[in-house]
Amino acid sequence: MMLTGKHAIVTGGGTGIGLAIARALVAEGAQVTITGRRLEVLQEVAEDGMFPAVMDVTDEAQIVETTAAAVEARGPIQICVANAGIAEGKKLHKTSSEFWRKIMTTNLDGCFYTVRESLKSMLSTDWGRVIAISSIAGVRGAAGAGAYAASKHGVIGMMRSFAEDFLHEPYTFNSICPGYVDTPIVTRNTESISQRAGVSAEEARDIMVSSNRHKKLILPEEIAAAALWLCNPASESANGTEVHIAGGQI
Ligand code: NDP
C-alpha cells in the first residue's frame, strides 16, 4: 500500500477519469477527498476511503473553504489531482467572449485555485505530488475547440512553471495529456462533433476512435495508472513534464 497515510484531493472525482484516479489512490491506501458540483453523484460513487465534498472550481471562495475543511478533517493534502474540466468546442468566429470565459474559468482558473489551495498544506509536509489533467489538445491544438485547447495549454504551462518554483523541494508538478477517453465528456462531445462536422453521432464516434492508433477509446483506468505512476517513488525525477496517454496522437 504505497500511499497509506496520504491525503489526496481529486476534483471532478465523481465521474470518468477523476473517479478512476480516486479508486486507484484508495486502492493504494490513500484517503481521498472527491469533489464536484453534485453531492448526490459523489455520494453515490464514494467507497471506503473516499470523502465527498461539494466544490465548484469556478468559485474561489468555495475552493478555499472546502480545501481548508478537508485539511482540518484528514490532514495536509499531499496529492492534488486537478481534474475537473469541461470540454466544449466552437469555431473561432462562433466563440463568444462569454463562451471563452466559461472554458477558461473552469479549466484554467479552476486548476490554479485548486493547486494553490492544496499547496498551502502540502508545503508543511516532506512529500507532495500535483497532477493536472490537461489534454492532447493542450499540446497540439484541436480543430473547432480553440478555447478548450488554449485552457489546456495553460494548464501545462502552469505545471511546468510551478515545478520550476519548487525545483529544490520534495514536490512534483506534472500534467497528463489524454486522447479521447471513454467518459461522459466523450458522450457529450459526440453530439458537439457531429454538429460541427455535419455528420451522424456514429460517424462522430468513428472520428474519435480513428484518432487512436489502437482504434479504441482510451479507458479511464489507463489515465489512473499514469496518475499512480506519478505518485510512485520510481517516478521521482518526472517533474515539470507531461505524460501523454493519447493512443499515438502527437
Ligand atoms: P467527466 O465529464 O466525467 O468529468 C468532468 C468532471 O469535472 C465531472 O466530475 C464534473 O463534475 C467536474 N466539473 C465540471 N465542471 C466543474 C466545476 N465547475 N466545478 C467542479 N467540478 C466540475 O469527463 P472526464 O472524466 O473525461 O474529464 C475529466 C478531465 O479530463 C477534464 O478536465 C477533461 O478536459 C480531461 N480530458 C478528458 C478527455 C476525454 O476524452 N474524456 C480527453 C482529454 C482530457 P460535476 O459536473 O458534478 O461538477
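The sheet first: it is open, has seven strands in the order 3-2-1-4-5-6-7, and its pairing is parallel. Two strands count as paired if DSSP finds at least two bridges between them. Helices (H or I, at least four residues) and strands (E, at least two) are DSSP runs numbered from the N terminus. This is a predicted model, in which local features need pLDDT of at least 70 and side-chain atom pairs count only at pLDDT 80 or more, while totals for chains, interfaces and linings use all residues. Residues are numbered from 1 along each chain as its sequence is written.

Strand 3 pairs with strand 2 (residues 31-36) in the parallel sense over five bridges. Threonine 35 has alanine 53 of strand 3 as its bridge partner.

Now the helices on the sheet. Helix 3 (residues 60-74) lies across strand 1 (7-11), strand 2, strand 3 and strand 4 (77-82), and runs at about 160 degrees to strand 2. Helix 6 (residues 146-165) touches strand 5 (128-133), strand 6 (171-178) and strand 7, its direction making about 160 degrees with that of strand 6. Axes here are lines fitted to C-alpha atoms, for helices over the stretch in contact, and angles run from 0 to 180 degrees between N-to-C directions. Contact means C-beta atoms, placed from the backbone, within 7 Å.

Helix 6 also meets helix 4 (residues 97-122): the axes come within 9 Å and cross at roughly 20 degrees. That makes helix 4 roughly parallel to helix 6; the cut-offs are under 35 degrees for roughly parallel, over 145 for roughly antiparallel, 65 to 115 for roughly perpendicular, and oblique for the rest. Among the residues in this contact are Phe99, Trp100 and Phe112 in helix 4, and Tyr148, Met158 and Phe162 in helix 6. By class there are 13 nonpolar, three polar and one charged. Nonpolar covers Ala, Val, Leu, Ile, Met, Phe, Trp, Tyr, Cys and Pro; charged covers Asp, Glu, Lys and Arg; the others, Gly among them, are polar.

Last, helix 7 (residues 184-197) and helix 8 (residues 201-210). Their axes come within 8 Å and cross at roughly 105 degrees, which means helix 7 is roughly perpendicular to helix 8. The contact includes Val186 and Ile193 of helix 7, and Ile207 and Met208 of helix 8. Its residues divide into seven nonpolar, two polar and three charged.

Methods
Two residues are in contact if their C-beta atoms, placed from the backbone, lie within 7 Å.
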